[in-house]
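Morning, everyone. Let me put the next model on the screen and walk through it.

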Amino acid sequence: MERLYAAGYTLTTLGVGDIVPTTALGRVLIVVCSASGLLTLTLAITYLVPVLNAVTARRVLAATLNALGGDPEQVRQRLWPGGDLKGTRATVEGLASDIRFVTQAHYSYPVMHFFHWPTPATAFAPAFARLALAVETHLNASTAPRPHRTCICICSRVPSRSTSPCRSSRS
């Protein structure tokens, strides 16, 4: 029990001196134990702080998305009143930026998966699904020509001196 006490105390606070190693091996073990305890605590703190910041960002984004409406049609009407894109472009671009940040944070910190909300009404996933359905509904309902073309490539690499094998299509 005395050795367990010495190891635990050394790991967490570098010891108080009430137990002192008398051999060279004991002193080396105390140094290794102290260094590993300090390293473990430092790594835990430097990992947990950004995780908590990312979880907070996801909660803020979920609250923002949930405030847009309870179903895809409400979200669509709030984002594109009268089908007009001009007034809400900044809002949509801000949401896209926040979604990219939360997505990348989730890739960086997979432990975010274990942080859940107390009610489905405040959760991120259903709110994001409503936004995605609203965007899809809006794009399908829009009869105006799209403002840009996108290229969808199904090839592994594009030859450097030939024409691109990609087909451009309106999207």
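First, a term: buried means under 20% relative accessible area, exposed means over 50%, and partly exposed is in between, with a 1.4 Å probe and protein chains only. On that scale, buried residues make up 20% of the 171 residues in the protein.

Now the ground rules. This is a predicted model, in which local features need pLDDT of at least 70 and side-chain atom pairs count only at pLDDT 80 or more, while totals for chains, interfaces and linings use all residues. Numbering starts from 1 along each chain as its sequence is written, and side-chain values use heavy atoms, with hydrogens and water left out.

Confidence next. pLDDT is the predictor's confidence in each residue, from 0 to 100. The protein averages 78, and 78% of the residues score at least 70. Where does pLDDT stay under 50? Over residues 149-171. For that stretch the model has 18 contacts beyond four places in sequence, a contact being heavy atoms within 4.5 Å.

Overall layout. Helices (H or I, at least four residues) and strands (E, at least two) are DSSP runs, numbered from the N terminus. The protein has 5 helices and 2 strands. From the N terminus on, the order is α-α-α-α-α-β-β. Take the contacts with a separation of 6 or more: 60% of them join residues 24 or more positions apart.

Surface. Accessible areas come from the Shrake-Rupley method with a 1.4 Å probe, and for residues only the protein chains shown count as cover. The total for the protein is about 12,500 Å². Carbon and sulfur atoms hold 64% of that.

Let me start at helix α1, residues 2-13. Tyr-5 sits in this helix. Tyr-5 is partly exposed, at 36% relative accessible area. With Tyr-9 and Ile-19, Tyr-5 forms a nonpolar patch on the surface, about 240 Å² of accessible area together. The patch rule: residues with over 30% relative accessible area and no salt bridge, like charges joined within 9 Å, nonpolar side chains (Val, Leu, Ile, Met, Phe, Trp, Tyr) within 5 Å. Ala-6 is in helix α1 too. Ala-6 is buried, at 14%. Its C-alpha lies 9.8 Å from that of Cys-33, 27 residues apart along the chain.

On to helix α2. Ala-54 is found there. Buried or exposed? Ala-54 is buried, with a relative accessible area of 3%. Leaving out residues up to four places away in sequence, Ala-54 touches Ala-105, Tyr-109 and Met-112.

Aromatics now. Rings of Phe, Tyr and Trp (its six-membered ring) pair if their centres lie within 6.5 Å; planes under 30 degrees apart count as stacked, over 60 as edge-to-face and the rest as tilted. How many aromatic pairs does the structure hold? It holds 2. Take Tyr-47 and Tyr-109: ring centres 5.5 Å apart, planes at 70°, so the pair is edge-to-face. This pair links distant parts of the chain, 62 residues apart. Tyr-47 is in helix α2 (residues 24-67), while Tyr-109 is in the loop between α4 (89-108) and α5 (124-141). Tyr-47 is partly exposed, at 34%.

Then Phe-124 and Phe-128. Their ring centres are 5.8 Å apart and their planes at 20°, so this pair is stacked. They are 4 residues apart in helix α5, about one helical turn. Phe-124 is buried, at 16%, whereas Phe-128 is partly exposed, at 33%.

Staying in helix α5, look at Ala-129. Ala-129 is partly exposed, with 38% relative accessible area. Its C-alpha is 9.5 Å from that of Asp-71, 58 residues apart along the chain.

Last topic, charges. Side chains of opposite charge can pair when their charged atoms come close. The rule for a salt bridge is a side-chain nitrogen of Lys or Arg within 4 Å of a carboxyl oxygen of Asp or Glu. By this rule the count is 1. Which side chains meet in a salt bridge? Those of Arg-76 and Glu-73, at 3.7 Å, N to O. Both lie in helix α3 (residues 72-79), 3 residues apart, about one turn of the helix. Glu-73 is partly exposed, at 34%.
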